[in-house]
Amino acid sequence: MNLKQELQTLNDKLDKFRRKLAAAEKRADPTIVMQFKKEIAAVTKRISAVKGQQTRELSKEGSTVVGLKFSRVLTKAEQADMGKLKKSVKGLVVVHPMTALGREMGIKQVTGFAPKEF
C-alpha cells in the first residue's frame, strides 16, 4: 500500500472512531469513551508519521530533480506538445507549480529539468 492510500485509510478510521466516540459519549459509557480516545490518539500519531514520511520522500525527490544539470521554464508551445518534447529530450523531468513537488520546490512556472541542455 502506498503512502497516499495508507493516509486515506487512516483518515477513514479516524472519522469512524470519532463518530463512535460521539455515540459512546451520548450513552455516557466511560469505558468505551476511554477506548475510543486511545484509538483516536494512536491513529492521529500514525497519520502524523505517514505525513512526515511523505514530506521526506517529496524532499528527496525534489533534491534529485534540482540536482539535474540543466533547467528552464517551458514555453506554452512546448507545454502544448509535451509528448514530442519528452521524446526529444532524454531524461526530462517536468515539474508543474501546482503539484506537491512543485510547491515543495517553490517554482512559479512549469519547468523542465534535464541532465543536458535542451
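How far apart are the end C-alpha atoms of α1, and what should its 25 residues span at 1.5 Å a residue? The end C-alpha atoms of α1 are 36 Å apart, and this agrees with the 36 Å that its 25 residues should span. The expected span of a helix is 1.5 Å times one less than its number of residues.

## About the model

This is a predicted model, in which local features need pLDDT of at least 70 and side-chain atom pairs count only at pLDDT 80 or more, while totals for chains, interfaces and linings use all residues. Residues are numbered from 1 along each chain as its sequence is written, and side-chain values use heavy atoms, with hydrogens and water left out.

## The whole chain

Let's start with the overall layout. The chain has five helices and three strands, arranged along the sequence as α-α-β-α-α-β-α-β. Here helices (H or I, at least four residues) and strands (E, at least two) are DSSP runs, numbered from the N terminus.

The C-alpha atoms fill a box of roughly 65 × 25 × 25 Å along the principal axes. The chain has a radius of gyration of 22 Å, whereas a compact globule of 118 residues would have one near 13 Å. That radius is taken over C-alpha atoms, and the globule rule is 2.2 Å times the number of residues to the power 0.38.

Of the 118 residues, 28% are buried; buried means under 20% relative accessible area, exposed over 50%, and partly exposed in between (1.4 Å probe, protein chains only). Among contacts with a separation of 6 or more, 55% join residues 24 or more positions apart, where contact means heavy atoms within 4.5 Å.

Now back to the opening helix. The buried residues in α1 are Leu-3, Glu-6, Leu-7, Leu-10, Leu-14, Phe-17, Leu-21 and Ala-24, and α2 is part of what covers them.

The largest nonpolar core has 13 residues, with Val-43 and Ile-47 making the most contacts inside it. Both α1 (3-27) and α2 (30-66) supply at least two residues of this core, and the largest share, seven residues, comes from α1. Such a core is a set of buried Ala, Val, Leu, Ile, Met, Phe, Trp, Tyr and Cys residues joined through side-chain atoms within 4.5 Å. Leaving aside residues up to four places away in sequence, Val-43 touches Leu-10, Leu-14 and Phe-17. In soluble globular proteins, nonpolar side chains tend to be buried together.

Which residue follows α1 with a positive phi? That residue is Ala-28, with a phi near 60°, although Ala-28 is not a glycine. Ala-28 lies in the loop between α1 and α2 and counts as exposed because its relative accessibility is 60%.

## Two strand residues

Val-73 is found in strand β1 (residues 70-73) and, at 41% relative accessibility, counts as partly exposed. Its C-alpha atom is separated by 19 Å from that of Glu-61, twelve residues apart along the chain. Not counting residues up to four places away in sequence, Val-73 touches Glu-78, Gln-109, Val-110 and Thr-111.

Thr-111 sits in strand β3 (residues 111-114). Is Thr-111 buried or exposed? With a relative accessible area of 9%, Thr-111 is buried. The side chain of Thr-111 reaches the backbone oxygen of Gln-109 at 2.8 Å. Beyond residues up to four places away in sequence, Thr-111 touches Ser-71, Arg-72, Val-73, Leu-74, Val-93, Val-94 and Val-95.

Notes
A polar contact is a pair of N or O atoms within 3.5 Å; within protein, one must be able to donate a hydrogen and the other to accept it, and residues adjacent in sequence count only if both atoms are side-chain atoms.
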